[in-house]
Amino acid sequence: MPGEIKQDEYDSFRLFLEQSAGITLGDNKQYLVNSRLNRLMTDRGITSLGDLVGKLKAGSIPGLRETIIDAMTTNETLWFRDTSPFDVMKQEIIPAIGKSTPKLRIWSSACSSGQEPYSLSMLVDEFKREKPGQLSAEVEITATDISPTVLSAAKEAKYDGLSIARGLSDERKQQFFTEQDKLWEVKPEIRRRVQFRELNLLDSYAPLGKFDIIFCRNVLIYFSSDLKRDIISRMGKQLNPGGILILGSSESLTGHSDEFELVRSPICVHYRIK
Ligand SMILES: C[S@@+](CC[C@H](N)C(=O)[O-])C[C@H]1O[C@@H](n2cnc3c(N)ncnc32)[C@H](O)[C@@H]1O
C-alpha cells in the first residue's frame, strides 16, 4: 500500500465496505487491505487509503467502487463443498420437494466461481439417472454473486487442474467435463440448468422470484448480526411454502431467525420456512 494506513483512514474504509457490500472487517485487518489493494491503488495513482475513500465517495473514477468490492471479497470455494449438504439434497430434500412441483427452483446465493451451482446441477443429473421418475420437475438453478470477476469465470465454466482437483471424484470429472489444453470445461447439459446474475445480498431479491431451496453458504460469516438477520428474513420471503435454506457448516440461524424451523437431519442440519 502506498504509505502506512492511518487509523481514521482504515475506519472510513471499513465503513465504506460495510455499507456497500455488508462485509465487516475486523479491527486489525490492515494487512488484508494492504495485500488486496496495494497493486490496484498503485496502478491507479491512488496515494493512500484516505485518498481511495475520497475518490470512492466522490465517484470520480468510473468502476472504482465495483473493483474495490471485488478485490475485498473472499472467493474460496470447491466442488461439492462439505459433501453433506449435497447428500441431504439427494437423499431427503429433492425426494420430498421434487415430486410436488412442476418446476424446482434453487438459488445459489453467493456462488463464487460456479462450483456450488454446477455441483448442484451435477447432483440433479445423477438423481434423475439413479431414481428415474422421482424428479420429473424441470430444475432451474439461479446463481448470484456480488463479484463480476468470479461471475465471469463461472459463466466461462472452464477450470484449471488445481481447481478441478478440489472436491471432484474422477468419475464426476470424466462424466461432467471435457478437457482441452489443460482446462476442464463443464458440459453443456450441466451448464444449461444454471443462470448467473450479479446480485449484492444487500439489495432486493424480488426480481429473482420464488425458490424451493436456497443455498447461502460461507458468506454470512462476513456480515454483522443485524445484517445476517435481515438477509435471512428476506430470503425466507423468497421461499415457497415448505422451502428449504441450507447454510455453511460453520453458520447457523441461532439467534438470527424464528421464521424457520430447524430440520435435524442426521445427514446435514438445514432449515425449513415455517
Ligand atoms: C467464500 S465464497 C463462498 C462460495 C460458495 N457459496 C461456497 O460455499 O463454496 C463467498 C462469496 O460471497 C460473495 N459475497 C460477498 N459479499 C457479498 C454480497 N454482499 N452479496 C453477494 N455476494 C457476496 C463473494 O464474492 C464470494 O464469492
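This is a predicted model: local features need pLDDT of at least 70, side-chain atom pairs count only at pLDDT 80 or more; totals for chains, interfaces and linings use all residues.

Guide: The protein chain holds eleven helices and ten strands.

Visitor: Which domains does the assignment give?

Guide: Domain 1 (7-72) and domain 2 (84-158 + 192-273). Their centres, taken over C-alpha atoms, are separated by 30 Å.

Visitor: How many residues of each domain are in contact with the other?

Guide: Contact here asks for C-beta atoms within 7 Å. By that test, seven residues of domain 1 are in contact with eleven residues of domain 2. On the domain 1 side, helix α4 (residues 64-72) gives the most, with three residues. That side divides into three nonpolar, two polar and two charged residues.

Visitor: Why are β6 and β9 called edge strands?

Guide: Picture the open sheet of seven strands, in the order β6-β2-β1-β7-β8-β10-β9, with mixed pairing. Pairing needs at least two bridges between two strands. β6 (194-198) and β9 (260-263) each pair on one side only, and that makes them the edge strands. On average, neighbouring strands of this sheet are turned by 20° against each other, direction ignored.

Visitor: In what sense do β7 and β8 pair, parallel or antiparallel?

Guide: Strand β7 (residues 211-216) and strand β8 (residues 239-247) pair in the parallel sense, over five bridges. With at least two needed, five bridges qualify them as a pair.

Visitor: Which strands does helix α11 touch?

Guide: Helix α11 (residues 225-237) packs on the sheet and touches β7, β8, β9 and β10 (270-273), its direction making about 145° with that of β8. Helix α7 (residues 148-156) lies across β2 (138-145) and β6, running at about 160° to β6.

Visitor: Which residues come nearest to the ligand?

Guide: There are 24 residues around the ligand, and Thr 73, Thr 77, Ala 110, Ser 112 and Leu 201 come nearest. The shell divides into nine nonpolar, ten polar and five charged residues.

Visitor: Which domains does the shell draw on?

Guide: It draws at least three residues from each of domain 1 and domain 2.

Notes: Residues are numbered from 1 along each chain as its sequence is written. A residue is near a molecule or strand if its C-beta atom, placed from the backbone, lies within 6 Å of it. Ala, Val, Leu, Ile, Met, Phe, Trp, Tyr, Cys and Pro count as nonpolar, Asp, Glu, Lys and Arg as charged, and the others, Gly among them, as polar. Domain bounds come from an automatic or database domain assignment. Helices (H or I, at least four residues) and strands (E, at least two) are DSSP runs, numbered from the N terminus. Axes are lines fitted to C-alpha atoms, for helices over the stretch in contact, and angles run from 0 to 180 degrees between N-to-C directions. Two residues are in contact if their C-beta atoms, placed from the backbone, lie within 7 Å.
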